[in-house]
Amino acid sequence: MATTTSSGGAGSVFAKLVGIIVALVGLALGAGGAYLATLGGSWYYLVAGVLMLISGIQLFRGRVSGAVIYGVVFVGTFLWAAWESGLNYWRWIPRLDVVLILAILVALVTPALKDGPTRKTGFSLAGVLFLGLIVAGALAFVPGRGYQHLEDVPAVADESLSTDVGDAQPADVPADGDWAAYGRDSAATRYSPADQITPDNVGDLEVAWQYRTGDILDHRWGAETTPLKVGDDVFLCTSRNILISLNAATGEENWRYDPVVSEDAIPYTAACRGVTYYEVPEDRLDPSAESATADEQGEQTAATDTQEGDDGTAGDDTPQQPAVAANEAQTCRARIISGTLDGRIIEVDAATGEPCTDFGDNGQVDIKRNMGETPPGYVSINSAPVVVRDIVVTGHQVLDGQRRYPPSGVIKGFDAVTGELQWAWDAGRPDQSEPLTGDETYVRGSPNMWTTAAGDSKLGLVYLPMANSAADYWSSSRTPEENEWASSMVALDVETGLPKWHFQTAHKDVWDYDPGSQPTLIDFPTGNGKVPALVMPTKQGDIYVFNRETGELLGGGAEERPVPQGGAEPEQRSETQPFSLYATLRQPDIDEKDMWGMTPFDQLFCRIQYRQASWKGMYTPPTAEQPWIQYTGYNGGSDWGSVAIDPHRGVIIANYNDMPNYNELVPRDVANKLGWVPREEQKEDSGGAEGAGDPQANTPYAINVNAGWRVPYTGMLCKQPPYGHIRAIDLASGDTLWDRPLGTARANGPWGIRSGLPIDIGTPNNGGSVVTAGGLIFIAAATDDLIRAIDIESGKTIWQAPLPAGGQANPMVYEANGRQYVVIVATGHHFMETPTGDYVIAYALPEGEGS
């Protein structure tokens, strides 16, 4: 065989350059691999790095042995990758991409090496390797990767699993064409009976109208809004709580009301997830009160406001349910109720947007009374209040991570017509509900409810997903009451404001595992017939089903399992934690092989971080002497987007996240040197992910959360894809019907680059779905800035459209003038790093089609 013996010319120079590159890569991998090996990690990087360093030196010297050694590295890497990865495509990428590219270069220079092969042989080998690279890259675009279709989706049944929550309000039994509550109905099913749009014609959807709210933020943006539709009107709120009514068929503005919320009231996110539609009952209308003037009503309100403290009542002789004038114009007969970021409840006339002056102080009440000091941003209502038996029930967000003793998380119930406070339930004093008076203060730092409740007017219960106590990652100073009621589902009697039952989803929670999902009310099928039930998804991924009247667990129940012990507060950790036996979205525990990156370098970085951290499995305790891995992370599992349930098929649709967090407890003296102080002491709001450099004042440690566990140099996540999924679950059994990644890489990439690649990588997601009688699931939520329609039977995307801003919100579906609309509010989200905007977009079939 002819060989090349010349060491001169361009080929030799190229060989030296390739040798330098291979040697440098080997040096980096070898050095990092040596450190990883000392931590107990894989020896591959050390061995491969040393061999590549030797290979590079020999290539630089023009020796064919350099190519032979590199061949050994390549073959060994391939075998090692196959052993660690199997058929998992995403695992192969960082293990083989750089090694394969370098192999192509080495093959190209082999003819220039002493005793190397002919040019034809070297170039042919390079061509084969290059073809392998092309094929490997093309495999990324293969549709259906990660799809699991385990069982057939049930057909539409004659009997519905929709439940009876009463019929006092339009939200209890919405008209077929309406979307009358945040979750469409009081039961929060997110199911629409609209069936004009089907898998056969969904591809014809077009923009029917688009509206711009004008409320755009460049800091902490993310309205997370789902509008309502009642009658001919759409109602929504913006990031700063501007209330807007639109014509449902055209998107033209009817009215807007601005409660004037200061930007310094924005907590972690400027969110207004929704508003509440309320109609004053007939028995609260008093025709004899028609002559009462607005001034008289104002005087009555002022008199109420002069009473001491939070009570708001005028004494025992005050009527419990004052009437509202039934004048000809029916002013404020129908009302829009909204919370604000600065802790107010607003009521306006649904027809005009004018304040309902008989409610509180000229149309508003301040929930912060008797909470003591409340710096701006500390007490914010960012979810729609719930009305049960004419009581407006609201929780609020207490700004996370700032102090151990911020304002209370007290839940309050107000008369929906007058705004008078009926009760106040504080988890820090759970056996009391009488409103405080005078200078009394609700328990500071007690658990709050920041997300959306659900109500059953028939049973007179409101269901509260309760958050953690303040200072999420430190528990030693919590009271017994906080330890019992935090991170729980609480059923509250709306007449008394006292608990009827509760179930705790995380004991002594130090992982920010408060339930963020709105519960869904449904009739659950059992062997003894249907039972009025509550379905509750959690951040941990578990889904629980309860008899919503008694709190009894259904669907197989739950069990307490031993969990890891130790950490910074070993005496505080619960020996067991609850796990659902019904269904879970939780994935298997991660290990070092699950670490990922674009290249072996960032994968090696993540492997080192993995070995440096404490990781004992689910509920690994927080540690102070080393970082710890939290999996699932605080974004779920399931979060505020919750689930949708088709009551005719008996199917739950759940989108969820699959990402760890990488956390550190930071000693107080270190945090002080870093300047980590509570929000009100900062010179300016620096933004950032929740928990990233939060001071947790009045505890021994601050907290630093790397949400999603991202590589600081590239912004890529350390865990392999997918990062987000959507799943169909059989309601009766809890079995998975299908599961698939949710979200493409088109708007994602290293260093914040929008790659434009339509690869089903499964992205992080915030927001939920809606399911329709037409057999479709509509969802945005993912970070690819798309809204999509998914066939409920196959789980496949059959329509999608790009959005002008991130779609981190729940869509809604309604009908107007015989036409079905799908609406999404696209405002983006700072945490999800999607573009900001102020868009309300309605999609429909071309006029006349499908009717």
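Over which residues does the pLDDT stay under 50, and how many contacts beyond four places in sequence does the model have for them? This is a predicted model, and residues 1–7 are one such stretch, with 14 of these contacts. Residues 289–308 also have a pLDDT below 50. Here are the two stretches side by side:

| Stretch | pLDDT | Contacts in the model |
|---|---|---|
| Residues 1–7 | under 50 | 14 beyond four places in sequence |

Where pLDDT is low, the predicted coordinates should not be read in detail. Taken as a whole, the protein averages a pLDDT of 93, and 94% of the residues score at least 70.

Let's turn to helix α2, residues 44–60. Its 17 residues, at 1.5 Å a residue, should span 24 Å, and this agrees with the 24 Å between its end C-alpha atoms. Buried residues in α2 are Tyr44, Tyr45, Ala48, Gly49, Met52, Ser55, Gly56, Gln58 and Leu59. Their cover includes α1 (9–38), α3 (64–85), α4 (89–109) and α8 (600–612). Just after α2 comes Gly62, with a positive phi of about 80°.

Now for the nonpolar cores. The largest has 60 residues, of which Trp209, Phe235, Phe778, Ile787, Trp799, Tyr814 and Tyr843 touch the most other members. Leaving aside neighbours within four places in sequence, Ile787 is in contact with Ile779, Ala780, Trp799, Gln800, Ala801, Leu803, Val822, Ile824 and Tyr843. Another core, of 30 residues, lies apart from it and has Leu36, Tyr45, Met52 and Val99 among its members. Tyr45 and Met52 bring us back to α2, where they are buried.

Conventions: Residues are numbered from 1 along each chain as its sequence is written. This is a predicted model: local features need pLDDT of at least 70, side-chain atom pairs count only at pLDDT 80 or more; totals for chains, interfaces and linings use all residues. Side-chain values use heavy atoms; hydrogens and water are left out. Helices (H or I, at least four residues) and strands (E, at least two) are DSSP runs, numbered from the N terminus. The expected span of a helix is 1.5 Å times one less than its number of residues. Buried means under 20% relative accessible area, exposed over 50%, partly exposed in between (1.4 Å probe, protein chains only). Contact means heavy atoms within 4.5 Å. A nonpolar core is a set of buried Ala, Val, Leu, Ile, Met, Phe, Trp, Tyr and Cys residues joined through side-chain atoms within 4.5 Å. pLDDT is the predictor's confidence in each residue, from 0 to 100.
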